[in-house]
Amino acid sequence: MIHPTAIIAPGAELDSSVDIAPYAIIGEHVKIGAGTTVGPHAVIEGHTEIGCDNQIFQFASIGAIPQDLKFSGEVSYLKIGDRNRIREFVTIHLGTKDGGGITTIGNDNLIMAYAHVAHDCIVKDHVILANAATLAGHVEVDDYAILGGLSAVHQFARVGCHVMASGGSMIGQDIVPYAIVQGDRAKVVGLNLTGLKRRGFSSTALANIKSMYKLVFRSNLKLDEAMQKIEQEFDGSASEVITYLDFLKKSERGLAR
């Protein structure tokens, strides 16, 4: 159903089951998959591809050009997966040539009112960005991470899977998986054990996560020494160990410790 007051540009590709509310605007390079709803006054533009069963609420701005002074009008992209809820006044921007040319949102995410996802970000699956959470350019947020209201993430920083960031957190460095962080500048203050238990982590996995956390954050070891001990003493085939070590090895901004 497309309301007669909505403006759909020639060239836009909409599945027949898409619902477009009054006064919404859909640009010529937009593709929207089955079951997605677009609220009143929402604007979707640019080379934007949106999957199935998404809910885009009123006044959201999706696919606008980046807020990056280096952007020079090059063709770039935004790809959004399935079953996302994008609330009022959310802004999600296209990528840039310096960041790979694409911004990516995965599946089953909740992006709450006034949140911002800047150019070239990668937001994976089951992520929650609470009200007015802000991702600067090139940020990566892994599965099941939760960023509290009014939190912000610096350019190129990474937020690991199952992280819980308290409201107002100012994240300037990489946040290791499974951690709780808070403050300005955000520091790791513990483990997100409640979230991990809710998601079915086994007692063995939780014990491994606690031990790795102690080595990295509660010992007197340097980071490379802690990583070496993890490689030597833990089951290298365990998914939580693989995830933790991979994150540590790929950190470029340094860890928030």
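Ile92 contacts Ser61, Ile62, Gly63, Ala64, Leu78, Ile80, Ile86, Thr103, Ile105, Ile111 and Val117, leaving aside residues up to four places away in sequence. The model is predicted.

Ile92 belongs to the largest nonpolar core, which holds 69 residues. Within this core, Ile92, Leu135, Ile230 and Tyr244 touch the most other members. Two or more core residues come from each of several elements. Three of these are strands: E11 (77-80), E26 (179-182) and E27 (187-191). The others are helices H2 (203-217), H3 (223-233) and H4 (239-250). Helix H2 gives the largest share, with seven residues. Domain 1 (7-138) and domain 2 (195-250) each supply at least three residues to this core.

The chain is divided into domain 1, residues 7-138, and domain 2, residues 195-250. A distance of 35 Å separates the C-alpha centres of domain 1 and domain 2.

The largest pocket was examined next. By class, the lining of the largest pocket has seven charged, four nonpolar and two polar residues.

How values were computed. Residues numbered from 1 in each chain as written. Predicted model: local features only at pLDDT ≥ 70, side-chain atom pairs only at ≥ 80, totals over all residues. Heavy atoms only, no water. Core = buried A, V, L, I, M, F, W, Y, C linked by side-chain atoms within 4.5 Å. Buried < 20%, exposed > 50% of the residue type's maximum accessible area, 1.4 Å probe, protein only. Helix = DSSP H or I, 4+ residues; strand = E, 2+ residues; numbered from the N terminus. Domains from an automatic or database assignment. Contact = heavy atoms within 4.5 Å. Nonpolar A, V, L, I, M, F, W, Y, C, P; charged D, E, K, R; others polar.
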